[in-house]
Amino acid sequence: KLDQVVSILNRDEAALAYNAYLLKNAGVDEWGVRWPLVLQSFGDWKLVGYPMLIVGLFHFLPYADWVVRLPSAIAGTLLVILSYFFALKIFHFKKLESLFFTLLIATAPFTIFYSRFAYEANVALFYLILSLFLFWLPTKNLKKRLMLDILAGLVYLFAIFTYNTPFLLLPFILVFILLARDLSKVKHWVSGVVSLGGVFLVGLWQLWPVLTGKNEITIFSDSGVFFAFARFRQSLPPSLQSLIGNRYLYDLYLSLKNFLASFNPSFVSLAPYHPWHAVPGTGQIYLSVYILALLGLIFAGITLLWSVRFPRESSRLKGFFTWLKQVLVKPADIRFLWFYLLIISLAPASITTDAPHATRSLLFFWVLLVFATFFVSKVASYLKKSKEKFVFWWYLGVTILVMLEFLNYLPKLFVNYQKESRSIYQATGFQSGLAELESRYQNQKIAVVDPGGYQYILLAWYLKLPPEVFLTQNKRQLPNNIGLRYGEQVKNYHFIVNPKDRNNAEKVLFYWDKDSWKIDD
């Protein structure tokens, strides 16, 4: 039901779909650029990784919505399998613990929801975790280490050309490689650093338009943030304006505020702010699992700090430096690496104006499930000391709890959301309305009410406009304050903000009215 739960593509999906259609049939994107690595699209600069997967599928599958969403569905499925081996081989969880982690991944709302739409972030998450798996996979064979690092670098290259978050995380991942290996032995980490460093240089060279295009949505360039900072500075006494009323501290404050907001239960588990990112009334992780994750965070933090506070050495100072050496020189404690991943996973979302942001935080949700599994496994290990059968009942209890929330989620997605999405995505009557317009008013000028400015790409996709028609008969508006360019004219369709904007020659009006698209002639 990839094409039924939401029976229409959203604007970003349609842009990916139609650009893939143009690339497959004409070798150009919607701007006429031949095989670009970055698609200008509406001016939001989409990466070419996902459209190229669709192009490949279009060679043997139909031009259909479910095919457009198929790469994300495959990536989400493979992520479940990869997570099991990650837990087993990297985190050194036992088999039962690894299976429980896999259960959390397979049933988590964020993995299910994002895998059912053409989200580049979901495919990039799979690439990112696969790359981490290869970088982190232990081996004493240097030739095998070199091959794994080269392969991990290539996978990471796919990630940065699929979604922008992995590129923003790349410098932090470089540090992560050093922390995860023995820093005192260059041969153990140099291949990984060189491999990822090469990916960074290639990305910086090729993805500059993306970096400049996305700059407008960060707290560093947003005009609203600038005015808010000016008001904040003016509210301070003159003596404090130079001390704490500077932009660097203000940006740091906003970043920390956004970082902490990502832990808000309303965002993670209860009521998401964006119906495109989750089923209304649900979050990204079940509430019971989120509580387990918070307990895991607390328990892992206490046990990690405990090793510093009560070192084995007679001197506490000597013990601290021993711990510091363990962190900076030898492979870091696995709990420290979890916390490091958790913190850096929120870096991209923390510097944007619309934080907290689920799509930019998928790695964060994945790491939270690691902490949930850690807590469940530690409770099981303590219960095992008392009686073996307690372990069975503990795992059975938490599994039943997760499955009850999962079974409660499914009808919300496949029944409630399927109905609600017809209005959320303005799906009802759009495709049938286009078919009627094409059959009855093909030679007439048609006005389409489109306040958002994105209907041109949905129209192009669902009409499967030939490349020569679209490329010669489309017109765009000038870019707005953040560089977005909306469609104004495609073929005989004119896109307007409200019905009063149509001209005298446009006798046919196509518009959304409460619960469906309608035609007024």
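The legends below describe several views of one predicted protein model.

Residues are numbered from 1 along each chain as its sequence is written, and side-chain values use heavy atoms, with hydrogens and water left out. Because the model is predicted, local features need pLDDT of at least 70 and side-chain atom pairs count only at pLDDT 80 or more, while totals for chains, interfaces and linings use all residues.

**View 1. The whole chain.** The protein has 23 helices and 8 strands, where helices (H or I, at least four residues) and strands (E, at least two) are DSSP runs numbered from the N terminus. Along its principal axes the C-alpha trace spans about 90 × 60 × 50 Å. The radius of gyration, taken over C-alpha atoms, is compared with a globule rule of 2.2 Å times the number of residues to the power 0.38; for 521 residues a compact globule would come near 24 Å, and the 26 Å of the protein agrees with this. Of the 521 residues, 51% are buried, a word that here means under 20% relative accessible area, whereas exposed means over 50% and partly exposed lies in between (1.4 Å probe, protein chains only).

View 2. Side chains of opposite charge can pair when their charged atoms come close. A salt bridge is defined as a side-chain nitrogen of Lys or Arg within 4 Å of a carboxyl oxygen of Asp or Glu, and by this rule the count comes to 13. In one of them, K46 is joined to D12, with the closest N and O atoms 3.1 Å apart. This pair links distant parts of the chain, since K46 is in strand 2 (residues 46-47) and D12 is in helix 1 (residues 11-26), 34 residues apart. K46 counts as buried at 5% relative accessibility, whereas D12, at 25%, is partly exposed.

**View 3. The salt bridge between E30 and R476.** The closest N and O atoms of E30 and R476 are 2.6 Å apart in this salt bridge. The pair links parts of the chain that are 446 residues apart, with E30 in the loop between helix 1 and strand 1 (38-39) and R476 in strand 4 (residues 474-476). E30 is buried at 2% relative accessibility, and R476 is buried at 12%.

**View 4. The salt bridge between K491 and E438.** Here the closest N and O atoms of K491 and E438 are 3.0 Å apart. K491 lies in the loop between strand 5 (487-490) and strand 6 (493-496) and E438 lies in helix 21 (residues 430-440), so the pair ties together parts that are 53 residues apart in sequence. K491 counts as partly exposed at 22% relative accessibility, while E438, at 18%, is buried.

**View 5. A nonpolar patch on the surface.** Patches are made of residues with over 30% relative accessible area and no salt bridge, in which like charges are joined within 9 Å and nonpolar side chains (Val, Leu, Ile, Met, Phe, Trp, Tyr) within 5 Å. L270, L287, I291, L295, I298, I302 and W306 form such a nonpolar patch, with about 650 Å² of accessible area together. Helix 15 (residues 287-309) gives the largest share, 6 residues; L295 lies in this helix and is partly exposed at 35% relative accessibility.

View 6. K94, K378, K384 and K385 form a positive surface patch, where Lys and Arg count as positive, Asp and Glu as negative, and His and the chain ends are not counted. K384 is found in helix 19 (residues 362-386) and is partly exposed, with a relative accessible area of 43%.

Technical notes: Accessible areas come from the Shrake-Rupley method with a 1.4 Å probe; for residues, only the protein chains shown count as cover. The place of a charge is taken as NZ of Lys, CZ of Arg, CG of Asp or CD of Glu.
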